[in-house]
Amino acid sequence: MTAEEMWLRSGLSGTYEAWAFGEAPDKLAALVLRGIKTATCSAYDLYEIEQEPLPRAGEYSVILDSNDEAVCVIRTKKVYVERFDRVSADHAFKEGEGDRSLAYWREVHRDFLVRELGSAGIPFDESARVVCEEFEVVYSTEIRGDRK
C-alpha cells in the first residue's frame, strides 16, 4: 500500500510526511508496530544544511518499509534538541533498539551519525546535536500483537 492510500484509509486529515527509518527500515518499523519503538533521532546539522524545518509535535508521518510500502501512521508527541552525549537513558529505551540501554544506543547512533554527518562533510563529535522525537502510532492495518 502506498503512503497516500494508507493516509486515506486512516481517515485523518491535514498533511503528512512519508519516510523510512535510517539503515534498517523494516526492522525499525516492526518495532514501531509492536509498540516497542516510540522515539527516534536525527542529526540536527542536516536540518540546517538542507534548510528543513525541525519536526513539530502534532505532525503526522506515514512510516515506510524498505520497499516504500506504508506500514503505519504516527503522530509526533514531543520534539527536543539535545547534545549526543546528553541523550538520556529514557530516550534510548524509547528508541527500542538492541537491549534498549544507553550504551547500546550510543554505540549504534555514534556509527550512524558519523556516516550521516560525514556524507555532508561534517565531522562527528560527542557534542553533536540530535533532534529527539517521541511519537505514537495512530493508524495501522497490522495487528500489533503482544507489546512485551
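**Salt bridges in the predicted model**

1. Arg 56 is exposed in this predicted model, with a relative accessible area of 54%, a value that is over the 50% cut-off for that class. The side chain of Arg 56 meets that of Glu 59 in a salt bridge, with an N to O distance of 3.7 Å. Glu 59, for its part, is partly exposed, its relative accessible area being 27%.

2. A second pair is formed by Arg 75 and Glu 136, whose closest N and O atoms are 2.5 Å apart in a salt bridge. Because Arg 75 lies in strand S4 (residues 70–83) and Glu 136 in strand S5 (residues 129–140), this pair ties together parts that are 61 residues apart in sequence. Arg 75 counts as partly exposed at 26% relative accessibility, and Glu 136 likewise counts as partly exposed, at 27%.

3. Strand S5 also holds Glu 134, which is linked to Lys 94 of helix H4 (residues 89–95), a partner 40 residues away in the chain. The contact is a salt bridge in which the closest N and O atoms are 3.2 Å apart. Lys 94 counts as partly exposed at 21% relative accessibility, whereas Glu 134 counts as buried at 10%, since buried means under 20% relative accessible area.

4. For the model as a whole, the count comes to eleven salt bridges, including the pair of Arg 75 with Glu 136 and that of Lys 94 with Glu 134.

Key:
Residues numbered from 1 in each chain as written. Predicted model: local features only at pLDDT ≥ 70, side-chain atom pairs only at ≥ 80, totals over all residues. Heavy atoms only, no water. Salt bridge = Lys/Arg side-chain N within 4 Å of Asp/Glu carboxyl O. Buried < 20%, exposed > 50% of the residue type's maximum accessible area, 1.4 Å probe, protein only. Helix = DSSP H or I, 4+ residues; strand = E, 2+ residues; numbered from the N terminus.
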